[in-house]
Each structure stands twice: as C-alpha cells, then as structure tokens.
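Here is a friendly briefing to read alongside your model. Keep the viewer open and follow the topics one by one.

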Amino acid sequence: MYTNRSFLFTSESVSEGHPDKVCDQISDTVLDAYLAIDKTARVACESLITTNHMTIAGEVSATKEISKADIEKMARAVVKKIGYNSEEVGFNADTAEVNILLHAQSPDIAMGVTGEGLHKEEGAGDQGLMFGFAINETEELMPMPIYFSHMILKDLAAKRHNNSLKFLRPDAKSQVTVKYEKGLPVSIDTVVVSTQHSADISHKDLSESVIEEVIKKVLPAQFLKNTRYLINPTGQFIIGGPHGDCGLTGRKIIVDTYGGYARHGGGAFSGKDPSKVDRSAAYMMRYIAKNIVASGVASVCELQVAYAIGVAQPVSVLINTFGTGKVPDEKLEQIVSEKLDLSPRGIREQLGLRDVTYLPSASYGHFGRSEASFTWERTDIKDIFK
C-alpha cells in the first residue's frame, strides 16, 4: 500500500468491554501484580470469560506467590471497573464463578531464559518473529485507520463512564475506512460503530448521538467529506459482552498493533512478562521504527526481527523503508546492530520494561500512546539515525 495509487484501507478497534479485551486486561492485571512483588517474575497468563464465568490459567515463576483468593479479587475488580457489574449488562463481576489454574513455568523453558541452558546466557523465552512499524500519517506516527478507530472507542468509553450518554454499555467495536490518493490519506470514506446499549434507546436516537457527540467531535473535520456512517447496522445490540460472546486473551493482535497496515509476527502481548520476545521485541521494533521516522530519515519504516529460544541475540534483523529512506536500508540496519542491544536483557533495560505498568496497554492499542508507561513510544534515540 506504500505506493502512489489511490485506494481505500480499513482498520477496526474494539472497546475495553469487548470480551477478548476484558481477558487481556485480566491477564495484564495478574502480570502487573507479580511484577510488583518480583521484578524478575516470569508470567504467561491467559484468561477466558463467558456467561457468569472467568478462568485464569497459565504459568508463573516468582519469588513470592499470590494467593488464588487475591487473584480472584483482582479479576473481579477489573471486570467491575470496565462496567460489567449487574445482570442488566449481562454479566456481574461480583457473582460470576472464577476458576484459577496457574502453575509453575516449565523448567525446560526456564533453563534457556535464566542462562542455565546450552548457551549459558539469558536467552529469548521462545522462538518467533516480530514486526515494528511507523508512518508519518499522524502525529503519533501511526497509520490513520487504526488510530482513528481507537479514538472513537476511547471517547465512547469516556462518555459511558461519565454518564453523558447513559444508554451506552461496555461492549463496542469501531471500523474506519480511509481514502488514499497517490498514497496519501485525504478523507474518511466510512465509519462503522457497533455499541451495546440499553433496551430503551431507539436506533435513530442512538445513531444520532454516536455520530454527533462522538464521531464528529473526535475525528478531524477536514477528513469528514461525504463520509458514510453505519451505526449498529444490525439494528440492535442489547446482548453483548461475555454473555453474548466468549472472550480469550490474545485474540485481538491486529487491533493491538497497526490495524493490518503493517505485518504481524503472530504473537500476542497481554499477560506476558518482558522475557517473552513476542511482547518485548515487538515493542523494541516499534521503538526503533518510530525513531527512524521521527528522525526524518524515512516517512515509513517496518522492522522484522527473529529469535531462537534460549539464544540472546536475534537470528535476523530486517529494515524496510519502502523507498522513502534518505539512506539505504542496509545503513539503518548497520546502525541498529552497532548502537542497540536487541537481546532480551538489552531490550528490557533500554525500555525499562520491568518498571512498566502493562494494564493500560490492554485496551485501545499498544502503540501510538502518550502515557508514561508506554516507554517504547519515546523518540529519544532519533538522533542516532539523523
């Protein structure tokens, strides 16, 4: 898509109340709790949520243990804060059954991460490939379709929490189609919003409120040219959340990253500590790509990195600026290899990943954020690329 042709591109986002995102938030809450008591804890936490039920499973290695009762309290608190606190919304955090199935990490995996394995160093927690991406379409250097999709749902949630739109309920999805001419975004062609709502609101009133009070207030007016709006296109969305659809951790990886505008290695983020390169290396690749674009050396940048389990340094690093670079991509790769440590330890120290609170990243995307905990969004190394 990084061409001079004209085209439409669409990305979607889902709200904090979407069942899969509820699970991501539970998993990252458990992760944060373990890192708070042991910065070296290794956690791989998965959650499932459905009608009147939550299951939290996975592997943990830490110097201290968190009781099942405390983990249950955390999970209930997260779900209640999102807004699932009564039978009226289809799920009650206070009364739902909670099943905790966390156990110790496999010693075979731990061996490669702790430096006790074949290579005698702190290696990657798994094999795999990760991508990072940045583009100068927005101030945050994110693709416009996914960034706008997130903006809509963040504002929708804010208006739900402050009761300015009382009919809103937690579960929602958005979709934004951007029109590109000669490779540049010129307008928003279509906006789709499906939001759970109370039974006493008409489709007409809901549509008008979402369009006028949310979409037109958060999206730039200059891009709303003959835009088509599709609000709750099925006509009704009363039954939603975990009661309407089973949720799982790690099922919204495209929503979490670049909305399909860039490639994805396939690994999810939430519930994983920084030894898991699925998460930490994807953050590092975004960090590098963003700094390259922020430096002015290129207007688009994608990185790929790959690891072998138990081995510290990546087996490959690739940079592609899609013909927009002012220097050869090979030169940028050389700078990265000389100036940056891409081992799990190096990434963790560069980004301070043991001191990060991960819960905020579990909804509305892991990239393009300005909150302090998103250390990989800093542009403090751009000068090495200038």
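**Aromatic residues and what surrounds them**

Y283 has 0% relative accessibility, so it counts as buried (under 20% relative accessible area; exposed is over 50% and partly exposed lies in between, with a 1.4 Å probe and protein chains only). This is a predicted model, in which local features need pLDDT of at least 70 and side-chain atom pairs count only at pLDDT 80 or more, while totals for chains, interfaces and linings use all residues. Residues are numbered from 1 along each chain as its sequence is written, and side-chain values use heavy atoms, leaving out hydrogens and water.

**Aromatic pairs**

- The count comes to 14 aromatic pairs, where rings of Phe, Tyr and Trp (its six-membered ring) pair if their centres lie within 6.5 Å, and planes under 30 degrees apart count as stacked, over 60 as edge-to-face and the rest as tilted.
- F148 and F223 make an edge-to-face pair, because their ring centres are 6.1 Å apart and their planes stand at 65 degrees.
- F148 sits in helix α4 (residues 144-161) and F223 in the loop between α5 (203-218) and β10 (228-231), so this pair ties together parts that are 75 residues apart in sequence; helices (H or I, at least four residues) and strands (E, at least two) are DSSP runs, numbered from the N terminus.
- F148 counts as buried at 4% relative accessibility, and F223 does too at 13%.
- Y283 and F367 form another edge-to-face pair, with 6.0 Å from centre to centre and 85 degrees between the planes.
- That pair links distant parts of the chain, with Y283 in helix α8 and F367 in the segment after α10 (344-351), 84 residues apart.
- F367 is buried as well, at 2% relative accessibility.
- Both Y283 and F367 belong to one aromatic cluster, whose members also include F7, Y180 and W376.

**Helix α9**

- In α9 (residues 329-339), the residues D329, L332, I335 and V336 are buried.
- These buried residues fall within an arc of 115 degrees seen down the axis, so they line one face of the helix; the arc is that of the directions from the helix axis to the C-beta atoms.
- E330, S337 and E338 are exposed on the face turned away from the buried side of α9.
- The buried residues of α9 pack against α8 (277-294) and β13 (316-320), with contact meaning heavy atoms within 4.5 Å.

**I49 in strand β2**

- I49 is found in β2 (residues 42-50) and counts as buried at 0% relative accessibility.
- The C-alpha atoms of I49 and L248 are 6.7 Å apart, although 199 residues separate them along the chain.

- The largest pocket has a volume of about 300 Å³; on a 1 Å grid over the protein atoms alone, a pocket is an open set of points with protein on both sides within 12 Å along at least five of seven lines, and a cavity is a set where a 1.4 Å probe fits but cannot get out.
- A volume is the space filled by probe spheres set on the grid points, which are joined across faces, edges and corners.
- The largest pocket is lined by 15 residues (each with an atom within 4 Å of a point), and E16, Q25, K81, I82 and L359 lie nearest its centre.
- Helix α2 provides the largest share of this pocket's lining, five residues.
- The largest cavity holds about 80 Å³ of space, and β7 gives the most to its lining, with three residues.
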